[in-house]
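I opened the notebook today to look up charged pairs and the sheet. Here is the structure I had on screen, followed by my entries.

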Amino acid sequence: MTETTPEGRSRYSRAVGEALPKVGGAAFRRYGFMHSQIVARWADIVGAEYARHSTPEALKFPIGKKSGGTLSVLVTGAFAPMLRHVEPQVVERANRFFGYAAVARLALRHGDLPVARRRRAAAPAADLAPATQATLKDIADPDLRASLESLAHSLAGTSGLPVIR
C-alpha cells in the first residue's frame, strides 16, 4: 500500500530509474522514437558488426498510423550497401523487437558516428596473408598503404555475402 499526500504525490522516495523513461520519453518521441530501447538495443537487433557502423536516428510513421514506418539509420562510409543487402533481416528483427510490424523499410543516411561509439566499437584486426603483406610493403605513399591495409584487414575477416549474426 502506498501512502499519498492530498496532492496525489507519494510520501516515499522512488528510484531514479523509474522516472528516467518518462523524462527521456518526450525527447525520444520528439525525434521519432516511440521506444527509446531501440537505440540502446541496436546491437541486439542488427548484430555487433553492423552496430559498429550504424545507429538508428528516427522512426517515422505514415500520417495517422503506428505501423509501416520508415526507420532512419546513420551509416558510416561505404557500409550502406552491406546494410541495404540485409535490409529485410533488419526490418524483420526490428519488428520482432517492437512486437508488431512497426518498420516497413530503412532510410540510410551517410555520416560519422559519435566519437564515443566509434572508440568503444574497435574491431579486432584479422591476420593478413604473407602475400598481401608483401604487396602492401611495396606501396610508397603511407596514407594509401594505411588505407589499403585497413581494407585488407576488413576483407580478411569476412567470407561470402554479408549476414546478420
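This is a predicted model: local features need pLDDT of at least 70, side-chain atom pairs count only at pLDDT 80 or more; totals for chains, interfaces and linings use all residues.

**Entry 1: salt bridges**

I looked up the salt bridges and found five of them in the structure. The criterion is a side-chain nitrogen of Lys or Arg within 4 Å of a carboxyl oxygen of Asp or Glu. Residues are numbered from 1 along each chain as its sequence is written, and side-chain values use heavy atoms, with hydrogens and water left out.

**Entry 2: pairs within a helix**

I began with Arg52 and Glu49, whose closest N and O atoms are 2.7 Å apart. Both residues belong to helix H4 (residues 48–52), and three residues, about one turn of the helix, separate them. Helices (H or I, at least four residues) and strands (E, at least two) are DSSP runs, numbered from the N terminus. How exposed is Arg52? Arg52 is partly exposed at a relative accessible area of 21%, and Glu49 is partly exposed at 39%. My cut-offs here are buried for under 20% relative accessible area, exposed for over 50%, and partly exposed in between, with a 1.4 Å probe and protein chains only.

Next I checked Glu92 and Arg96, which form a salt bridge at 2.6 Å, N to O. Helix H6 (residues 87–98) holds both, four residues apart, again about one turn of the helix. Glu92 is partly exposed at 39%, whereas Arg96 counts as exposed at 57%.

Which residue does Arg109 meet in a salt bridge? The partner is Glu57, at 2.5 Å from N to O. This pair links distant parts of the chain, with Arg109 in strand E3 (residues 103–110) and Glu57 in strand E1 (residues 54–60), 52 residues apart. Arg109 is partly exposed at 43% relative accessibility, and Glu57 is partly exposed at 27%.

**Entry 3: the sheet**

Two strands pair if DSSP finds at least two bridges between them. E1 and strand E2 (residues 69–75) run antiparallel and are joined by six bridges. Contact means heavy atoms within 4.5 Å; axes are lines fitted to C-alpha atoms, for helices over the stretch in contact, and angles run from 0 to 180 degrees between N-to-C directions.

**Entry 4: Val90**

Is Val90 buried or exposed? Val90, found in helix H6, is buried with a relative accessible area of 0%. I also noted that Val90 and Arg105 are 15 residues apart in sequence and 9.1 Å apart in space, C-alpha to C-alpha.

**Entry 5: the whole chain**

To finish, I zoomed out. I counted nine helices and three strands, in the sequence pattern α-α-α-α-β-β-α-α-β-α-α-α. Of the 165 residues, 28% count as buried. Among contacts with a separation of 6 or more, 62% come from residues 24 or more positions apart.
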